[in-house]
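These are my notebook entries on one structure. I set down what I looked up, topic by topic.

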Amino acid sequence: MKKKLLKRKLYLLIVIFILPIFSLLLLHGNPDRYAQASSKFRKNIPQGIPADLWEMLIPEDNPMTEEKVALGKDLYFDKRLSLDNTVSCATCHDPKLAFTDAKRVSEGVRGKTGARNAPTVLNSMFNVEQFWDGRSITLEDQAKQPLINPVEMAMPTHDAVVDKVKKNKDYVERFQKVFGGPVTIDNIAKAIAAFERTQLSGDSPFDRFMAGDKSAISEPAKNGWELFKGKARCLTCHEFNASSPFFTDFKYHNVGVGMKATKNFEELVRKIQGMVQKGTLTEKAIDELALTEGFSELGRFLVTRQPKDLGAFKTSTLRDIELTGPYMHDGSLKTLREVIEFYNKGGEPNPNLDGGIRKLDLTEKEISDLVEYLKTLTGDRVKRLAKGEKL
Amino acid sequence: MLPLKWKKSDEKYKKERAEFFNAIKHLDRRTFLKVAGMAGAVFASKGLIPPHSFQLIDMVHAKTDEKPGFRFAYISDTHLYERKLNERFVRAMMRAVQDVNALDPQPDFVFFGGDLAQLGQAGELELGKQILSEVKAPIRMMVGEHDWFLDMGEKWQQLFGPSQYSFDHKGVHFIVLMSVNEKDFWTERKMTPMERMMTVAGLDNALQSRFEVGKEGQEWLKKDLAKVPKDKPIVVFSHSPLYKYYKPWNFWTEDAEAVQKMLFPYQSVTVIHGHTHQMLTNRIKNIHFHGMLSTAWPWPYPPEGLPKLTVQFDRPDPFDEADGNGNGTVDVYQKGYVDKHYNLWSKNPIKVTKTYLESWGKESIPPAPVFATY
């Protein structure tokens with residue numbers, strides 16, 4: 001009798017305590033490998049970016065490993081991913097230029113131009129949606145679009161991209177090692193996105209100022225920061241706080257840039273509505289229209305077709321802004337001073353002007369102080385890359 | 001005493017505002033368009049391209065085989081101030097005028113829902129009339145309490161005609177009711193006209209009476225309805241809601257039951273009202289009630305009394321002076337009742353259809369904001 005009871009107790013012990021732990025470990029897969037890799041990347045996260053947020057935003061189906069990041073980096077710089085082997089991601093998102101290209105609008109294969117200014121890759125993993133108009137929800141999805149856009153890398157199809165990559169035996173081997181499978185467009189995108197998740201900016205003088213070093217920025221810059229939060233009304237859209245230190249609310253606003261030059265706005269809208277009715281406004285069509293003069297100015301409306309999104313573009317980050325000119329979605333403003341003067345006059349009047357825009361009545365000194373402040377947002381690492389340091 | 005630097009910018013602002021109002025004094029179509037586009041700049045700059053506003057093709061239809069017979073647009077609750085005090089409401093009203101002028105096809109008429117002026121001043125009313133003169137379609141006016149209680153409607157009637165009237169249009173009988181009468185609270189207190197006006201313009205003060213159509217108004221309505229066959233669709237325009245919503249803010253018509261009783265016998269009655277500055281929907285028996293948006297400012301929803309059918313709009317962002325405001329259109333069905341379209345300026349437009357009300361909120365439910373709980 002006693003032996004049976006003991007056996008039963010032991011059995012219960014196993015079931016209640018050991019089995020659940022064991023099964024949890026099994027179900028969790030192999031967390032160790034990724035946790036280790038994550039911690040390697042964690043030490044490179046700059047002080048101004050919350051490390052937990054970074055980790056939280058790594059998608060489950062694209063965990064970070066060193067080999068994947070290295071593969072993604074090579075693909076990012078590889079001009080062979082374009083039609084005539086002249087354009088890579090780095091062409092328009094150049095590390096030496098804070099991952100932009102210093103051009104008004106970007107130039108692709110055979111000197112073709114689009115209609116929009118290249119946004120930075122730095123901190124792009126924190127964007128809720130990608131592109132000026134939010135047409136891509138993930139970094140992975142974004143990476144796929146320029147490959148087949150006729151004015152960017154101009155490949156005819158994603159299959160053509162895959163075929164080209166497959167021709168390289170080294171790539172084939174590496175894809176097998178990293179993904180346990182062949183080269184696919186999704187894996188190409190995943191590798192590039194993983195690399196992009198290592199490109200962060202959060203080590204600027206302003207970050208040190210916010211961390212407590214009151215001497216990190218100059219007195220005019222401090223005044224600029226006060227104006228930024230107050231009279232100049234910047235902070236609401238260029239949101240900055242401890243948990244979201246990216247200087248953007250990730251929302252879409254019409255401040256009127258480009259409205260003056262676009263004379264056939266109504267016609268463009270009617271064309272889009274016609275396409276919607278005919279069912280021809282596909283993802284690819286939107287991607288191409290976004291970079292077509294005229295249609296580009298419709299902004300977020302191209303994606304949502306809601307009236308309030310007419311001419312609305314995503315609030316851009318202000319980190320490293322000193323190095324990412326020219327400014328605005330169409331690159332129409334060349335200097336930071338011009339940008340502030342644009343807001344100072346109340347933006348550009350148009351029927352859908354954001355209700356938060358108004359004349360600011362800033363003095364000359366106030367504008368200078370704001371410019372001084374904005375210059376403190378440049379990350380140290382980004383500055384070193386601009387001076388020629390290797391990535 | 002304002003610090004010197006503030007005084008300077010204050011003066012500059014006043015100068016620009018003066019120039020703005022000077023420009024709209026000579027409103028012809030071209031100047032109007034130029035000026036209306038100056039959402040921030042208050043002086044007439046040369047070479048400004050006329051801005052383009054337009055309403056988009058409406059893709060959503062009510063779940064019915066019936067097609068609307070016709071459409072009208074509305075602008076309401078503009079609350080214009082004297083020129084030297086506030087030009088933001090003027091710009092907002094001009095934006096609404098632009099919106100209705102850009103409708104394609106043009107609406108059959110544009111209805112003004114009351115509270116043209118803020119303090120009933122002659123200058124405010126005249127400014128409002130001037131701005132409305134730019135509307136392409138024919139206009140129908142309704143008076144609000146802010147227009148009335150300075151001089152008891154003298155200037156209003158001089159500019160716009162009777163405060164109560166009716167008309168027929170494409171088989172529908174339209175009634176414009178004066179529903180913001182108040183029992184005399186000012187004589188015994190020896191109030192000046194301005195004191196009376198300021199009292200009515202306030203909220204949460206127990207001094208003013210609740211709005212009512214009143215005995216005379218009810219008599220007039222009775223006579224008017226006597227001529228209307230029971231199966232003819234009716235649309236009643238009223239500034240106050242014609243039901244009892246929230247008393248402290250005078251979102252209220254004291255004799256609502258009596259007026260509703262007169263309307264119940266009719267096959268289809270729709271009440272379109274102003275005053276509440278928010279998205280608002282209600283149904284009492286066979287009467288559908290729809291609130292109009294204001295161009296000037298949104299009201300929050302009161303702590304009690306919200307009709308069950310109302311789909312609320314998301315909390316307006318105080319940083320955005322256009323949020324929660326707008327104008328809209330109404331599709332009127334030949335057999336009666338309407339689809340109410342809210343053209344919210346900083347939010348996606350919303351349509352509250354006749355099907356939604358006819359099904360007591362079960363079908364054709366408008367998209368509602370998700371109010372997260374904490």
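I begin with pairing: two strands pair if DSSP finds at least two bridges between them. Strands (E, at least two residues) and helices (H or I, at least four) are DSSP runs, numbered from the N terminus.

**Entry 1. Conventions and confidence.**
I am reading a predicted model, in which local features need pLDDT of at least 70 and side-chain atom pairs count only at pLDDT 80 or more, while totals for chains, interfaces and linings use all residues. Residues are numbered from 1 along each chain as its sequence is written, and chains are lettered from A and ligands numbered from 1 in the order in which they are written. The model scores ipTM 0.80 and pTM 0.85. I looked up pLDDT, the predictor's confidence in each residue, from 0 to 100. For chain B its mean is 87, and 83% of the residues of chain B reach 70 or more. Over residues 37–61 of chain B, pLDDT stays under 50, and the model has 57 contacts beyond four places in sequence for this stretch. A contact here means that the C-beta atoms of two residues, placed from the backbone, lie within 7 Å.

**Entry 2. Chain B as a whole.**
I found 10 helices and 14 strands in chain B. Of the 374 residues in chain B, buried residues make up 45%. A residue is buried if 20 or more other C-beta atoms lie within 10 Å of its own, exposed if 12 or fewer, and partly exposed in between, with C-beta atoms placed from the backbone. Among the contacts in chain B with a separation of 6 or more, 70% are between residues 24 or more positions apart.

**Entry 3. The sheet that holds β9(B).**
I traced an open sheet of 6 strands in chain B, with the order β4-β5-β6-β9-β11-β10 and mixed pairing. At its edges stand β4 (165–169) and β10 (281–284) of chain B; each has a single partner strand, so one side of each is left without a neighbour in the sheet. Direction ignored, neighbouring strands of this sheet are turned by 20° against each other on average.

Which strands are joined to β9(B) by 5 bridges? Strand β6 (residues 234–238) of chain B is one, and it runs parallel to β9(B). Strand β11 (residues 287–291) of chain B is also joined to β9(B) by 5 bridges and is parallel to it. I noted individual partners: B:S238 has B:H273 of β9(B) as its bridge partner, B:V269 stands opposite B:I287 in β11(B), and B:T270 stands opposite B:H288 in β11(B).

Strand β9 (residues 269–273) of chain B is mostly covered, with 5 of its 5 residues buried. In a regular strand the side chains alternate between the two faces of the sheet. Both faces of β9(B) are covered, with B:V269, B:V271 and B:H273 on one side and B:T270 and B:I272 on the other.

**Entry 4. A further sheet in chain B.**
I also traced an open sheet of 6 strands with the order β3-β2-β1-β12-β13-β14 (chain B) and mixed pairing. Its edge strands, β3 (139–141) and β14 (350–352) of chain B, each pair on one side only. Neighbouring strands of this sheet are turned by 25° against each other on average, direction ignored. Strands β1 (residues 68–75) and β12 (residues 326–333) of chain B run antiparallel and are joined by 6 bridges; within β12(B), B:V330 is the bridge partner of B:F72. Helix α3 (residues 88–101) of chain B lies across β1, β2 (110–112), β12 and β13 (338–344) of chain B, and runs at about 160° to β1(B). Axes are lines fitted to C-alpha atoms, for helices over the stretch in contact, and angles run from 0 to 180 degrees between N-to-C directions.

**Entry 5. Helices of chain A.**
How do the axes of α11 (residues 219–229) and α16 (residues 364–375) of chain A cross? They come within 7 Å and cross at roughly 100°. Helix α11(A) is therefore roughly perpendicular to α16(A), a term for angles of 65 to 115 degrees. Residues making the contact include A:W225 and A:F228 of α11(A) and A:L370 and A:Y373 of α16(A).

**Entry 6. A:Q306.**
I located A:Q306 in the loop between α14 (301–304) and β2 (313–314) of chain A. Is A:Q306 buried or partly exposed? A:Q306 counts as partly exposed because it has 15 C-beta neighbours inside 10 Å. Leaving aside neighbours within four places in sequence, A:Q306 is in contact with A:F301 and B:N348.

Conventions:
Angles under 35 degrees count as roughly parallel, over 145 as roughly antiparallel, 65 to 115 as roughly perpendicular and the rest as oblique.
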